[in-house]
Amino acid sequence: MDGETFPRFPTEPLLPTEPLFPAGQLLPAEPRRRAEPAPGAVHLPDWLDAAEQRELVEACRAWARPPAGMRTVRMPRGGVMSVRMLSLGWHWYPYGYARTVVDGDGAPVKAFPPELGELAVRALAEAYGPQLPGITGAVGYRPDIGVVNHYPHGAKMGLHRDREERIDAPVVSLSLGDSCIFRLGNTETRTRPWTDLELRSGDLLVFGGPSRFAYHGVLRTLPDTADPALGLVGRLNITVRQSGL
Ligand code: SIN
Ligand code: MN
């Protein structure tokens, strides 16, 4: 009889006998996709591939050499930033731009590399897509400033607005090395509403349009989260901007 020879139940168990996620093991993270944490702000995870990340880290190493290399930044009231910085094209200091390292070795700032400008133009096109014409300064974007921040373990950056530029073209931000918790706030106050994002190596964040002058900062980095093959201790962030100067 059929009923005796044909198994009533599948011979293979429907569920694997081993639990998929044994107790104590983290569930896999949500896949990371394009996100728009605020109007005009776009997060594209994993935008740079491993080779592009390595190339940028090497470029930062070269830019970091003196003269006009990586420096410790003193604030006007005497504090010292935990993040170390270098600039390309225009030298950023608290709070302005100059052609020489006025608060450091006095050397002329290194030239803004055209490849970094091309990368930033592509970043805007890919982040905004068809919305690009609606973002002030995105069409005909001509960035001329690169600011590279190095976050050693324990470094962070308080909430601030990027407002030393004379125009409101978008800011392009690239993350390399250790992940961080980045806070994107609002344009009015340092208080809520805000969105906290995890930025990982290779991620792109652009903030333009209604978010161009939003408060933002880095609450903390997540030490040793980077791929050791990158050969980087801590986190690097490169922001590309148009000065309007
Ligand atoms: C900055 O606001 O200049 C840096 C932001 C970041 O490190 O992600
Ligand atoms: Mn900033």
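How far is an oxygen atom of ligand 1 from an N or O atom in the side chain of R235?

Modeller: The separation is 2.9 Å between an oxygen atom of ligand 1 and an N or O atom in the side chain of R235. Taken alone, ligand 1 exposes 260 Å², and the protein buries 97% of that area (accessible areas come from the Shrake-Rupley method with a 1.4 Å probe, and for residues only the protein chains shown count as cover). This is a predicted model, in which local features need pLDDT of at least 70 and side-chain atom pairs count only at pLDDT 80 or more, while totals for chains, interfaces and linings use all residues. Residues are numbered from 1 along each chain as its sequence is written, chains are lettered from A and ligands numbered from 1 in the order in which they are written, and side-chain values use heavy atoms, with hydrogens and water left out.

The residues around ligand 1 are N149, Y151, M157, H160, F182, H216, V218, R235, N237 and R241, where membership requires a heavy atom within 4 Å of the molecule. By class, this shell holds four nonpolar, four polar and two charged residues (Ala, Val, Leu, Ile, Met, Phe, Trp, Tyr, Cys and Pro count as nonpolar, Asp, Glu, Lys and Arg as charged, and the others, Gly among them, as polar).

Strands β7 (145–151), β8 (157–160), β13 (216–222) and β14 (235–241) each supply at least two residues of the shell. Strand β14 gives the largest share, three residues. Helices (H or I, at least four residues) and strands (E, at least two) are DSSP runs, numbered from the N terminus.

Ligand 1 sits in the largest pocket. On a 1 Å grid over the protein atoms alone, a pocket is an open set of points where a 1.4 Å probe fits, with protein on both sides within 12 Å along at least five of seven lines; a molecule sits in it if more than half of its atoms lie within 2 Å of its grid points.

H160, a member of the shell, also has a protein partner: its side chain makes a polar contact of 3.2 Å with that of D162. D162 lies in the loop between β8 and β9 (171–177) and counts as buried because its relative accessible area is 4% (buried means under 20%, exposed over 50%, partly exposed in between, with a 1.4 Å probe and protein chains only).

Strand β9 contains L174, which is buried at a relative accessible area of 1%. The C-alpha atoms of L174 and D203 are 6.0 Å apart, although 29 residues separate them in sequence. M81, in strand β4 (residues 80–88), is likewise classed as buried, at 17% relative accessibility; its C-alpha atom is 8.4 Å from that of K156, 75 residues away along the chain. M70 occupies the loop between α2 and β3 (71–74) and is buried at 18%. From M70 to S87, 17 residues apart along the chain, the C-alpha separation is 8.2 Å.

R142, by contrast, counts as exposed because its relative accessibility is 61%. R142 is in the loop between α3 (114–128) and β7, and its C-alpha atom lies 9.0 Å from that of E118, 24 residues apart in sequence.

In the loop between β13 and β14, D224 has a positive phi of about 60° although it is not a glycine; D224 is exposed, with 65% relative accessibility. D46, located between β2 (41–44) and α2 (50–63) in a loop, has a phi near 55°, again positive in a residue other than glycine.

A cis peptide bond, with omega of about 5°, joins P94 and Y95, and Y95 is in the loop between β5 (91–93) and β6 (96–98). Another cis peptide bond links R192 and P193, with omega of about 5°; P193 belongs to the loop between β10 (179–184) and β11 (195–199).

Methods: A polar contact is a pair of N or O atoms within 3.5 Å; within protein, one must be able to donate a hydrogen and the other to accept it, and residues adjacent in sequence count only if both atoms are side-chain atoms. On a 1 Å grid over the protein atoms alone, a cavity is a set of points where a 1.4 Å probe fits but cannot get out, and a pocket is an open set with protein on both sides within 12 Å along at least five of seven lines; lining residues have an atom within 4 Å of a point.
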